[in-house]
Amino acid sequence: MAPIKKGILERLSAGEVVIGDGGFVFALEKRGYVKAGPWTPEATVTHPESVRQLHREFLRAGANVMQTFTFYASDDKLENRGQTLKFTGAQINEAACDLAREVASEGDALVAGGICQTPSYLSCKSEKEVKAIFKKQVDVFLKKNVDFLIAEYFEHVEEAVWAVEVLKETGKPVAASLCIGPDGDMHGVSAAECAVKLVKAGAEIVGVNCHFDPLTCVKAVKLMKEGVEKAGLKAHYMVQPLAFHTPDCNCQGFIDLPEFPFGLEPRILTRWDMHKYAREAYNVGIRFIGGCCGFEPYHIRAVAEELATDRGFLPAGSEKHGSWGAGLEMHTKPWVRARARRGYWEELKPASGRPLCPSMSTPDSWGVTKGDAALMQQKEATSQDQLKQLFDRSK
């Protein structure tokens, strides 16, 4: 019999570094398996080999959490804005659990079932209605016996608390991460108070994911940690940021950038940026460190390599990657061999190669969130008249 793996809380309580995986929706959209806009994960059923392979690449890169590809897999999201799929949320989520478990069994990885914010909440549905949506997803996770649960990508702490309360009923460990920055959630609740609310609701692990770059997210989690400690509570901390630089973002994060989602590549972090991120997160006291949108396996490998001394081992993927560019010692060109050193890559200021490209953008600032008529969702496809109103407003 295979040895029983240590659980997420057992690992974190022992001070171990747990490395999450990366952003499946963005990675699979670039590979042609996810549609930008809906961002729904039906690829678990239509193209399971693509999801399985990405899990394997993150595992090889050093991740020891395989998060189920269940982002936006609630039934209300699957039928939002005219999307018509042949699959139910339950079918998509069950397939996601099976794929994550298959790959997790190939290493020392845990399976985390994930739920996220819903169109129903934005449309001002009741707590009971929103919780019923979460419950349908959680039933699948219980059936598939995932190792722990994550409530992620919540802009409003109120909805996140509802999610945690549903997850907590399962008896499994619960993590909760908000897609907020240091300024707090979209209704003005501070990062510190958000964390306190989540811990009081029952989350054992709290933090942030998505919407902002790594160092901004680390700053937000630091504020959350300070708030929890000031309240006399205890928790573990997690961070799974973007792989994009976002110094010009407002409180809504990168979705307000004019480059979102198809022009973000000039903002991508290098693997060396990821070393700095991993060390900053570790120094703050965060021990669940991963990634979200924009993260590719090589980014997670960089996190694992930076924390190799702390973890006690390198990831399997490092066999094809010399430390700090050491593999370049084998290059045929002498000026490239001269780059086989840490100092070179730490001091590099990468150029964009775009002569007319500004260093920053001006984010859209529509100032709408849950409760605003513009965010009421619908099953019907967005009409041309609705689009014209949006286009006119954007001018």
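Visitor: Does α8 pass α9 in a left-handed or a right-handed crossing?
Guide: α8 passes α9 in a right-handed crossing, meaning that the near helix is turned clockwise from the far one by less than a right angle, anticlockwise being left-handed. Helices (H or I, at least four residues) and strands (E, at least two) are DSSP runs, numbered from the N terminus.

Visitor: What am I looking at, before we go on?
Guide: This is a predicted model, in which local features need pLDDT of at least 70 and side-chain atom pairs count only at pLDDT 80 or more, while totals for chains, interfaces and linings use all residues. Residues are numbered from 1 along each chain as its sequence is written, and side-chain values use heavy atoms, with hydrogens and water left out.

Visitor: Back to that pair. At what angle do α8 and α9 pack, and how far apart are their axes?
Guide: Helix α8 (residues 127–143) packs on helix α9 (residues 157–168) at about 45°, and the axes are 9 Å apart. α8 is therefore oblique to α9. Angles under 35 degrees count as roughly parallel, over 145 as roughly antiparallel, 65 to 115 as roughly perpendicular and the rest as oblique. Axes are lines fitted to C-alpha atoms, for helices over the stretch in contact, and angles run from 0 to 180 degrees between N-to-C directions.

Visitor: Which residues make the contact?
Guide: On α8 they are E127, V130, K131, F134, K135 and V138, and on α9 they are E159, W162, A163, E165, V166 and L167. Contact means heavy atoms within 4.5 Å. By class, the α8–α9 contact has 7 nonpolar, no polar and 5 charged residues. Ala, Val, Leu, Ile, Met, Phe, Trp, Tyr, Cys and Pro count as nonpolar, Asp, Glu, Lys and Arg as charged, and the others, Gly among them, as polar.

Visitor: And α9 with α10, at what angle do they pack?
Guide: α9 and helix α10 (residues 191–201) pack at about 20°, with axes 9 Å apart. That makes α9 roughly parallel to α10. The crossing of α9 and α10 is right-handed. V157, A160, V161, V164, E165 and K168 of α9 meet C194, K197, L198 and A201 of α10. This α9–α10 contact divides into 7 nonpolar, no polar and 3 charged residues.

Visitor: Now the sheet. What is the strand order?
Guide: The sheet is open, has 8 strands with parallel pairing, and runs β1-β8-β7-β6-β5-β4-β3-β2. Its edge strands are β1 (18–19) and β2 (65–67), each pairing on one side only. Two strands pair if DSSP finds at least two bridges between them.

Visitor: How many bridges between β2 and β3?
Guide: β2 pairs with strand β3 (residues 110–115) over 3 bridges, in the parallel sense. V65 stands opposite L110 in β3.

Visitor: Which strands does α8 lie across? And α11?
Guide: α8 lies across β3 and β4 (148–154), at about 165° to β3. Helix α11 (residues 214–230) lies across β5 (174–178), β6 (205–209) and β7 (236–240), running at about 165° to β7.

Visitor: How do the axes of α11 and α12 cross?
Guide: The axes of α11 and helix α12 (residues 271–284) cross at roughly 5° and come within 10 Å. α11 and α12 are therefore roughly parallel to each other. P214, L215, V218, K222 and K225 in α11 meet K276, Y277, E280, A281 and V284 in α12. The α11–α12 contact has 6 nonpolar, no polar and 4 charged residues.

Visitor: What about phi of W39?
Guide: Phi of W39 is near 55°, a positive value in a residue other than glycine. W39 is in the loop between α2 (24–30) and α3 (43–46).
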